[in-house]
Structure formats: C-alpha cells, structure tokens
Amino acid sequence: MTTSTSPAEVTVDPDAYLQVRDLKVQFPTEDGLVRAVDGVTFSVRRGQTLGIVGESGSGKSVTSMSILGLHNPARTKISGEISIGGTNIVGMKEEQIQRLRGKDVAMIFQDPLSALHPYYKVGVQIAEAYKVHHPKASKKEAMTRAVDMLDRVGIPEPQRRANQYPHEFSGGMRQRAMIAMALVNDPALLIADEPTTALDVTVQAQILELLEDLQEEFHSAIIMITHDLGVISQVADDVLVMYGGRPVETGSVEQIMKRPQHPYTWGLLASVPSLHGDAGADLVPIKGNPPSLINLPTGCAFNPRCRYAGTNGNLSFTERPELRSAGEAGHMLACHLSAENRQRIYAEDIAHAGVAQ
Amino acid sequence: MFRFLIKRLLLASTTLVAISIVTFLLFFAVPSSPAWVMCGRNCSPERIAQVEQSLGLDQPITKQYTDFVQGIFVGRTIDDAGTIRECEAPCLGYSFRSKEPVTDTITRSLPITVSIVGGAMVIFLTVGVGLGMLAALKKGTVFDRVAIGASVGFASTQTYTLGGVLLLVLVYSTGLLPNPHYTPITENPLDWASGMLLPWITLGLINSAMYARLSRAQMIETLQEDFVRTARAKGLSPGVVNRRHALRAAITPIVTIAGVDLGAYLGGVVITESVFSLNGIGREAAQAVTDLNLPIVMATVLLAAFFIVTMNIIVDMLYAVIDPRVRLG
Amino acid sequence: MRRKFGALPIGVLTVALVASGCSETTNDPAGGNQQSVVQTGSIATDPADSQGPAKAVEGATKGGTVKLLHAAEFEHLDPQKIYVSDALSMATQFARTLTGYKEDGTGALKLVGDLATNAGEDVNGDCKVWKYTLKDGLKFEDGTPITGADVVYGVSRSFDPEWGVGPTYIQQWLTGAVEYNTTYKGPFQSAGAEVPGLKADGNVITFTFPQPQCETPYAVAMPTTAPVPQAKDTKGDYDRKPVSSGPYMIKEHAYDQYIDFVRNPNWDANTDPIRNAYPDGIRVEFGIDAEASANRIVANAADDQTAFMWANVPAAVLSKTNTPEVKERVKAGPSQYVEYTWINTDRVTDLKVRQALNYAVDRDAIIKVRGGTDQFGSTIISPTIAGYENFNAYDGGPTGNAEKAKELLGGKTIKLTYAFPNVPVRQQMAAKTKEVYAKAGIELVLTPLDPATYYDSVGTKGNQYDLIRGGWGADWPSASTVIPALLDGRTIRDKGNQNLAYFNNDEVNKEIDRIKGLKATESAAEWAKLDKKIMTDFAPLIPQYYIGNYEITGSKVGGTFLSDSYGHLTLNTMFVKP
C-alpha cells in the first residue's frame, strides 16, 4: 500500500493480445470538445476476459469502438496506442483496419434486433461476414460455414434458421446468431457490448455461459462492456471501472467485487439487484447524473455525486485524482479518500448493506 | 398475398364507386348546367331544355348514373339530338364539347401526362434521391450544404415560376431547347424526348428538391442504425455498407412516397401541363370542370382515383417485397 | 353581336396564369405596322370582281405550312354553328359562302360573290327577293359538285332548334320572325319540309323575305350559307370534321391538340376571287395560351418562323415587340369592337352634363391602363365599318379637356354612379376614370357588379346607374348591325336591353328607318352621318377607344394583314417566305 503523490505506472502486460496505452478519444462539436475517453490504459490476454464497467457516457463504448477503429477519422481525434496482436491501429488507414475488423477483432452488440439487418436472412448476414475475409470462399461454402456457426452457438435446426429473417428469431436466438456472426472468422479478440442487457434473466445466463464455453474453445480474448456488475462477476477475470471518460478503479474481479475501494464502484455495486440478498428491497441507485463530457467538474469528476467529497480537505474540488495503487498488486484506484477512511467507510456504510458477498 | 389482393381490390372498387357517386352528386349540386355553358348568355329556356335533353341531362340522376355504369360494362347507345352513337364498353360517354367518345379524349391526352410524369420521375428519383443520399454520406461538408441549400430553394419555387423562367431563358431568349411539344414516342423517340425536356427538368427539379431532403434525412437516420454499425464491424468496405446495408433500408419509405406521388401525378399535372402548353389529362380535366363537361369530369376523376388506389396497392405489395417484416393480410 | 373568342373563359387556370403574368406597361407599342384605318370598301358591282383566280400577291410563293398557335380548340367547325371570330377566320378556308370579302391590306374591302357569281341580285329592287347563281366548277373535297341544293341544305340546318349557336339573321329574315323555328325546325326535325322563303333551282338560289333586307349580301357572307352535302352530313359529328368546299380540308383533327389542314384537290382557284391558297398546309396547335404563343413567335425559333396567332399579344410580352425586327412582324389595327361608357339618359337628362362628360374623358390614360394596344376612338362605329368617318364632337385633345367640361357644368360639381364588372382590369380602368373626372369636378361613385350577372343588372330599365361600361362589335362591316341595335329607342324593354343609354329619340328613330331602307351601297355614308348627329346633338354615350388588334407572325410568314371582316390575320393571302 502506498500513499505517494506520484501516480503509479499502470502496468501493461507486454504479452497481451490487446494493449491499450493512454487512449484519448475526443470529438470536436459546435458546443465544445467532447473528451469521451481521456487516458485509458489496459490490456487483455487471449483466453482472458476484461470487464469494462460504467454508466452510459463513461467512455466504455467509445473505447470499444476505438478498438474496432469505427470512429469517423474526420470527426474524431484519437491519441495513444491500441495494439492488436502487435499492430498499433491508431492512425492506421481505413482499408487496413477493415482487414482486422470482423476477422481479428469482432463485436457483439447490445440489441441484436436492431444490430441485425432486418431485410437480410440471418444465414446470409453471417455468410457475408465470413466471405468478406475469405474472398476465395464460394457463396455455398460461406453459407455452410454460417450454418455450422449457428449450430455451434446452439441454435436448433440451423439449416432452416439460416433461411429466416432476424424478426423470426426470439431475443436469445438472435443474440446467439449475433455471436455466431462475430465468431465466424475465429477472432482473437471479441468485444461484447452489453450483450445481455436486452435479454431476460434466464436467457442472460445462457448467453454468458455460451460465451464462456466459446472462449474456452476458441481461446479468444474478450472485453465485456456492461453497466451490470452482476455480469462482470460471472465472466470477468479483470475489471476496469470508468467514470467521465477516465478509469477510476481497476483490478482483478475478486478485488473489485470483494474489496471495492472507490465510492463510485460502491454505488455501482449497490445498484445491482442480482448481488443483493433481498432483491429489490434496498437497491441504492447512484444519485445524480453522469457528468457532461464537455464540461467535467473540476477536481474529481465524481465529486458532485460523491457522499464523501471534501472529507480530505479541498482536494476533491481542486485536484483530479490519478490512478494509484489501492494496496494489493494490480488493484488501482483514483480517489482522494485516504486508505483509512475508505476502509472505515466501506466497513461501516457499505459492507453491512449486503453488497458484494 | 392472394387474400390481400382480393381484399384490396374489393376495397378499391368500393372506393371508385363511392367517388363516382359523389362526383355525380357534386356535379348536379352546382347551381348551373352545362347547357348554360354551351348555350351562351342570350339563351332561351326552351333552348336550354333542348340542349339538356340532347345531353341526356333531363333524365333523373339515378337513371343517368345507371346508364353511365351500364356503359362502362356493356356499352350503351347515346342519342345526341338525333345523332345516334353506339358507344361500346368500356363506354365512359361522349364528351359534351368534342362529341367524341371520352375514351378517345383520354387515350389522346393520357400519353402526354404519362410522358411528362415518367420522365420527371426518372429525374427526381435519380437526381433527387442520389443527391440526398450523397449529401447524407457527406453530411456537414460543403457539398452537403450546397445541395441542401439548393433543394430548399427549388422546393420553395412554384412550377409556373421555375417553368416560366426556364422557358424564357432556355427557349424564348436563347433557343437552346425546342418548344415543349408532344410527339408520340413510337413515332420519334428523340423528338419525344426533346419536346418533353423542359417539363421533365421543371417537374423533376422541383420534386428532386423534395426527394433530396427526404432521402438525406432518411439516409442520415439509417446510417445511425445499429445494423449499419454491425455491417462496418464485420469489416465490410464503406461502399458495401452504404449500398447493401444503408441504402436498401433508407430507400423503402422513398419508394412508398414515390409510388403515391406517381399515382397522384398520373391523374394530371395541371400546372406543368399549362405552363408548357401540353394538353394532358390534367388540363382536359380542368377544362371539363369549367365547361361542366360531365363525361370528361367523371372519367378524369375516376382515372385519377384509379391511379391513386392502384399505386397504393402496388406500393403496399412492393413494401412487402422489400421489407420481410411486412406481411400482407 | 359577334363574340370575340378571347373574351370566352378558357379555363380558370389559364386565366389565373395570365393574370399573374400581367404587368402594367407604360410602353406605347401602338405604331408597329399600323394599318390604314380608312375603310373604303363596299359591295362590288362589277361582276369581274367576283371572278377567280384571286389577284396574285407580290413576292408570294406556293408551298410550306403555316402554323396557328391557339389557346383553345375552336368552339365549332360546323359552318352552321360557327359564330366566334377565330372559327369564322378559319372557316374562310374550308367553308365557302355565297359572298365573301376581298381584301388587299390597304383597307379596301370589297364584298364579292364567292360561291355565287356576284354579291347578289336584288330581283325587284325592293330588297325582298335576292337571287344568287353558283359559279361553274365548284366541288366539295370528295369531288362531288356543289349545287344550289347543298347551299339550301346548309341554311336549313341552321334552323335546328337544338343548335341555334350560329348567327340568326338569315333565319329571322326568311321567316320574318325573331322566333324563327316555331314552324320549320330544320332538316332533322322537319324532314321533307321546305325551308321557308328559300329555293334552289339547279345552280340558282332565291331568297324571298317578307320584309326588305337590303344588307343580304353581307348576311350571306356568314357561314350560314356554306354548302353541306346532305349525304355526308354526320350531324353532331360534323362539328369535328366538316366537308370542305374551300382550298383546304381537314386531314387530321386531334381534338384539343391540333388540326392539320391540307390542300383540297377539288378546289379550283379559277372559281375563287378571294383566296390565293399559297401554303400547302395549315396546322393549328391548341393549348398554347396567348402569352406562350406571343413569346414563341417573338423568339422566332426555326420551328416558329411560319407561326402566327389570332390573339392579341398580351401585356406581359408587349415590351418585347418594340425592337425593329419584331415590330416589323406585328400587325396592329382597330377591330370592329368599340368600348363605350354609356350615359343613362333616364337619369342624366341634362345634355350639358353629358357633353361635359365627353369633353373631360382622358382616353389616353385609359388606353394606357389596358396596355396600349387599343386606339383612340370618339365615334360609335369602328373604323372597320364601311362609311366610317373619323370625328370628335367634343375634341378635348388626347387627354381630354377638364376646363371645357367645367365651363359646361357652369361651376357645379356633380356626383354620378359608375357601374362596371368587378374584374381586375375593369377595376383599374374604373379607378383611372374616377381620377380623370375628378379633375373636371365630376365625382364618380364606383359601383362594381358581379361579372356573371352584369348585363342582366345594367340591362334592366330603371336601374340606378348613371354611367355604365359597355362595348359592341359589328357582325359585318356595316353600321346596320350597330346603330339600330344600340340606339333605336323603340327596342327598349323592361329587361335585357342593349341600349344602355335608354336613349329614345323620334328624330333618330325615323332616320334609322330611312337608312335601313336604302341599298347597302348607299347606306354606309348615311350611317356615319347619323353617328355624328347622335354624338353632337344628344351625347348618350362616351366612345372610349377602338379595341385594337395586335397580332404577330413569325419571320417567314408573308402576305398577311388584319382582316377588316373578322379582325384577325387573314389566311387568304398568307404565304410562307422561302
């Protein structure tokens, strides 16, 4: 445990498949510069799952879009480094990134109904994803592969289903199809952006299980983006908590779930029903709204919503806290609260409320 | 599909019958008689009665209507002041003014309107939709701003203003284009096209403006759709994404509107026809209303209604073809 | 009175378009190719005048096709139904009549025998029996000879009660009754019966009238006397494709679109003293309103160099006709129509006031309101009428003389109501009139009336209007269709009056009777004298202007001029320049 004022160097695993260093994504708009991501560093190895958590506007989705290189370069300023399998894609030409997309990095989106094209048959859409990276494959081969994939993700009668339209699928089936599409090219990295949010709880669990199974099979790295710590607790190896475009806490899933240190993480945990003993009764949503990314509050961006802001002099309002070690190896935190205070508050106010058993 | 067609055709027929009855009633509700129009001011009541008799207007309305309907299905005999006319089915009657079968008037004037509308449509569906789509893809650029600015300008222009200016500049002053005129396409396709050029440009440009704005808005909306993002995430090139994924979805509502517009335009584009001195179906209809020329009024109203109703059915069927989520029933 | 086709409603839309395109012009385009206004014509007495062929036009060549750009389809083409000036002008080329007008563009109009060998033979010298002999070699377009029976059959058709849209002079004169078809109802309803007073014996046709009708030579020039072959009479359908007796026949008639006239191979130029028939064809294109026609002809594109129009160049295009090249192609001149302001003599009984009104009128200002194509006029009859004499009984100069008017009023200020149809151009004219009279101390109370019932309102005796807008056009170039119709006080009825001054003077009535009894050749000058006398002694109206014709041709149209008979560019002498 350290209380030094110099920020600790966030370590990036040099062998990791994906390495993101000091990523900044900004959108100049008429109202001002939107700092959607303002300095994020993390890495994911193959076979590992990183969970990125935060409310909407925290920068988690923007981060994932950057990894796919999906931002319009004309309207986005990106700096830092995104290394995929050893290649830095920041500043890369669109044509080159295209070759990575869907092949080395694939993505699963939140709402499979809107993410699948309503006018094309499911099989055709999967086959298209295969064919674009296997130009030598015939249409028939691509289709066979699509049916195979549908089978692999557990869709019964895949031959028939491939010939149906997305609206003819149930919600869970659609997400399976979406996963099949993402995995059709055996990607080394899979980004799943809220893959279960639109689904009901039982289906959620099935989908998460499927993802885990497939990860084992394909040995891919997974980034799981969600606002739901329940999901994280199920699948993640490491967790990155983001707020206002910046990481506020990061560590192993055990560290974050069992020994969370940041008041924001506490808030997130308190608002997860699946983690409560008594579902629904004492849910504590975080008060207030996520901050504007054009005009972040000075000092700690979380200060307007933080019950403990000001407990450490005026720091919360004047100085932006940097990521420092939270004590254990790999557990990092950006908070002005002193270690003693954090432990005391956690013990008195948070733990007894039943969070994070 | 079959059930849908039967249902819609039944509905369409009912609509047409209702429209024909209403037109008939409205016509006789006007406190004037075609006989007055044909007779001039210094007309004696006796002459009015004679003219009305020769036009068959002395009969009860119900009889006139059943005669009209009978004419359409089995034909009828018309006695015009001793001139006996055998009018074969489908008989829409004889024009009060030209004394020729209404079908002759229609077959002569309809090709003119069809020519105008067809060509204009090609223009506004290519230029208008094309510009709108391009503007959407280049949203925020100078191209986008110019295209949208121009379309706002053209959309607020009236046909007779733009047509008049174009006539003045391109025909009367410089002679760059020939006078608008109609030559059947079967006779001389080149002359047909050159005679139609100005109406096409005028009607085409004004509608292009509307379609450009519509397509732009539609395309911008579609480009924000999740499935477009999915397509890009698959690694498809922007061209494929825009064409196969975005355009296909953005074009659907445009097809609907274009179909309904086509139906409405085929019934006559009165102002365009007038500005360019082309006696299409719209002008015949307008003239017939002034003359109280009942058979032509009936025929043109029914024809216009027929086009609208038919195009609506076609659009609905097209919709089902384009969008698999739509089921006909 | 003959109607002018331009006055007919062509369609709501067209009217609206024209109105929106209208702009006031301060140009004075009058001048152009101003035709002589001195009418020197009369009825031919020399039979040689009636013999064909027509005198060649200098520089004319045969061939080519002339093109008439026209706003709307002719109301009628059946000769017995035609009564509007455009169709009358067209009919001269396919429906020959017993007599016709021979013109050369100098104003020398001569009524000659057309189908007939002369302008008419007054058998007993009492104007009651008229004999016409058809020329030899006359044929219909199908080659069958034209006989007296065909002319009689044609006239008989005009009796049909269900038609009655053409002129009614001959029918009324033959029966001696205004309601001419109470007994004989034409060849369809009275099949087999003879036309009263009309006989044909081979090539000789005899009209026998109960009353003297000294203007028969004029009346038979109307298409009422055009021959119709009974065997080819398609009755109602004849209106679309009449059988030609003139130099051109209809090849194709696409209603509302176009008519193609081609040469009639059976027309013999040697029988025709009037028509040169230079072009090989005449094409009429419908649906081109006056503004579009004028624009096209002014532009003179290759296609339109042989085009011409039978409507006045509208105000919006007038300014473009001022360049020397275009001006040369304009034919301007007075028509047979005269615009009046009637003075209701039942209400304005003081002659001095009526004279003052005549002095104070500013014709120049009013003509300008209308665009400037009309012509200064101070007589009741128009310059196109035989015997016309130009005079101004109250000469206040072109802009009127308010001082003289004030003098006549003796310092009084008076207030008068002025009735006019409530349409834009009439509103503008009324406002100008009010302004003009205000200078002379005469206050006008403007009374706009519903245009649809305007003539019913002002034609009712005892109405409360002091001044009334009106106009009149002669059916043939003789004042007999003007002065008796307008100013014979004995015709005043309770309703439907045309004598809107409600003027009734024994002396004038007697003079009308006297002149009516004169031979047409002698009456012309007498009518003109009576015109002057009425204006000088009674001033029951204020002639405003002669409505001007202002028509234009493409650069390759030659030989034509404004006809004094029907007011439009004549086809008789028209040719296509090489």
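What share of the contacts in chain A with a separation of 6 or more is accounted for by residues 24 or more positions apart? The share is 64%, where two residues are in contact if their C-beta atoms, placed from the backbone, lie within 7 Å.

The structure is a predicted model, in which local features need pLDDT of at least 70 and side-chain atom pairs count only at pLDDT 80 or more, while totals for chains, interfaces and linings use all residues. Residues are numbered from 1 along each chain as its sequence is written, and chains are lettered from A and ligands numbered from 1 in the order in which they are written.

**Chain A**

Chain A has 13 helices and 12 strands; helices (H or I, at least four residues) and strands (E, at least two) are DSSP runs, numbered from the N terminus. Along its principal axes, the C-alpha trace of chain A spans about 70 × 45 × 40 Å. The radius of gyration of chain A is 21 Å, which agrees with the value near 21 Å for a compact globule of 357 residues; this radius is taken over C-alpha atoms, and the globule rule is 2.2 Å times the number of residues to the power 0.38. Of the 357 residues of chain A, 49% count as buried. A residue is buried if 20 or more other C-beta atoms lie within 10 Å of its own, exposed if 12 or fewer, and partly exposed in between, with the C-beta atoms placed from the backbone.

**How the chains meet**

Among the two pairs of chains that touch, chains B and C have the most contacts, whereas chain A and chain C do not touch, their nearest C-alpha atoms being 45 Å apart. Between the other two partners, 18 residues of chain B are in contact with 22 residues of chain A. On the side of chain B that touches chain A, the elements giving two or more residues are α9 (226-233) and α10 (238-266) of chain B, and the largest share, six residues, comes from α9(B). By class, this side of chain B has six nonpolar, four polar and eight charged residues; Ala, Val, Leu, Ile, Met, Phe, Trp, Tyr, Cys and Pro count as nonpolar, Asp, Glu, Lys and Arg as charged, and the others, Gly among them, as polar.

For chain B, an unreviewed UniProt entry carries the annotation "domain: ABC transmembrane type-1" over residues 110-319; such positions are given in the numbering used here, feature names are shortened, and annotations may be inferred rather than shown by experiment. That span of chain B is 82% helix and 0% strand, and its end C-alpha atoms lie 27 Å apart.

**Backbone details**

Most residues other than glycine have a negative phi, and most peptide bonds are trans.

C:Asp256 counts as partly exposed because it has 18 C-beta neighbours inside 10 Å. C:Tyr502, also not a glycine, has a positive phi of about 50 degrees and lies in the loop between α15 (483-487) and α16 (506-516) of chain C. With 19 other C-beta atoms within 10 Å, C:Tyr502 is partly exposed.
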